[in-house]
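Please work through each task before reading its solution.

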Amino acid sequence: MGSLVPDASPPPRPLHETLPPLIMGTGTFNTQYVPDPFDMPALSIVSRALDLGVRAFDTSPYYGPSELILGDALAHPSVAARYPRDTYRLVTKAGRVAGDEFDYSPAWVRYSVLRSLERLHTSYVDLVYMHDVEFVSTHEVLAAVRELRRLRAEGLVRHVGISGYPVARLCALAEAVRRDTGEPLDAVLSYGHHTIQNTALAADDATARFTAAGVDVVLNASMLGMGLLTTRGADAGPMASWHPSPEGLRRACQDLVPVAAAAGERLEVVAIRWALDNWSRVGASRGVRTPRLPAGDRVGVSVMGVASVAELEETCRVFNSVMEGLEPETADAEQARRRRWSLDRRRKIQGLVERIWATLGEWKDFSWNSPEPGFVNARNPADFGVTPDDGVVARHAAKSQVKVQVQELPAEAVAT
């Protein structure tokens, strides 16, 4: 039989040339954030995001029904007719099975990606992270990354990365991947580490280590600290049952609400504006290119989580204002006015955030343990690499068998 024809060959262009600077995260399409994610206006959110210029979506099989909801929204005729697959990027993850259960075996990684392809109604994923890498060994991460690269060679995955919470562990694993495989990671995503509460991701040593490890793009996620930096706080709603922050940090973050209010601001607006604005600049060396900036310039990449059209529109409005402040000076009077407003807003927010830092005191730059001391993977060792008999692997194998390169068929077969 001839060789298989991949649906999408790995592109020669690096990730920083193809990924947009703002990505819509869909971790909110999940019972961890809302009581019933199927009641969310997901189709309206996704459609509006595309209309507003959002060109990438982040999800994970760990986020409950997130992949299914996102995939169905993108495949809806009202969306697919206007935004074909090649007009946006899809990002997902693999390896985290449940809250305390991980399987980084090659067999599970392959199964997980194939299942994600079905849920997302796509033949390839632009970027796949190994999810929450701090919970497993370096050896397991390396094996999983190698499997993702095999999937990349088959055209099912375009770029490979890792995600997690502790910045130092992410740095160490990025270094290990380059050292032990001879190839750097395309992407590293850290969450909750470039916020008005914690700025560890922007530390000089972290940037230097990611750069030395050859990581192409470093992304900042959870600008609101998974709900910590909001008016309602992490103790309200579904987050209260699982949020990993200690009680002292939760109280300290709630103390920030009146600080923002005294300045005529809402805490979440301040948090999002500061994170977007600052990461766009301090994360630029490991960022992406955008036509809004001079050729060759890069901007840091942020992942926004939204649960409504209103939240989406507000975040996109803030992001566009941030970009106006980054754009070069112009003779256009309206653009110049918008640029000045953005820079004035930056200065005002920075002044307020410095007061917020004073209020946080010892909780400024605090990171909780991830994992907690004594963590044990709940996955039964006998179950590593054991995949469900749900037809996912068989369906993929059946489709792959018919993808034969025409040029390798006998001439008489081509003629017929």
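**Exercise 1: Cavities**

The largest cavity holds about 60 Å³ of space. This is a predicted model, in which local features need pLDDT of at least 70 and side-chain atom pairs count only at pLDDT 80 or more, while totals for chains, interfaces and linings use all residues. Residues are numbered from 1 along each chain as its sequence is written, and side-chain values use heavy atoms, with hydrogens and water left out.

Task: Determine which residues line the largest cavity.

Solution. A cavity is a set of points, on a 1 Å grid over the protein atoms alone, where a 1.4 Å probe fits but cannot get out; lining residues have an atom within 4 Å of a point. The lining consists of Leu-201, Thr-207, Phe-210, Val-218, Trp-279, Val-282, Gly-283, Ser-285 and Arg-286. At least two lining residues come from each of α7 (204–212) and α10 (267–282).

**Exercise 2: Helix α13**

Task: Identify the buried residues of helix α13 and the element against which they pack.

Solution. Buried means under 20% relative accessible area with a 1.4 Å probe, protein chains only. In α13 (residues 392–401), Val-392, His-396 and Ser-400 are buried. Viewed down the axis of α13, these residues fall within an arc of 65 degrees (taken from the directions from the helix axis to the C-beta atoms), so they line one face of the helix. Their packing partner is α4 (106–119).

**Exercise 3: Confidence**

Task: State the mean pLDDT of the protein.

Solution. pLDDT is the predictor's confidence in each residue, from 0 to 100. Its mean is 93, and 94% of the residues reach 70 or more. Over residues 1–11 the pLDDT is below 50.

Note on methods: 1 Å grid on protein atoms, 1.4 Å probe; cavity = no way out; pocket = protein on both sides within 12 Å on 5 of 7 lines; lining within 4 Å. Points joined across faces, edges and corners; volume = space filled by probe spheres on them. Helix = DSSP H or I, 4+ residues; strand = E, 2+ residues; numbered from the N terminus. Buried < 20%, exposed > 50% of the residue type's maximum accessible area, 1.4 Å probe, protein only. Contact = heavy atoms within 4.5 Å.
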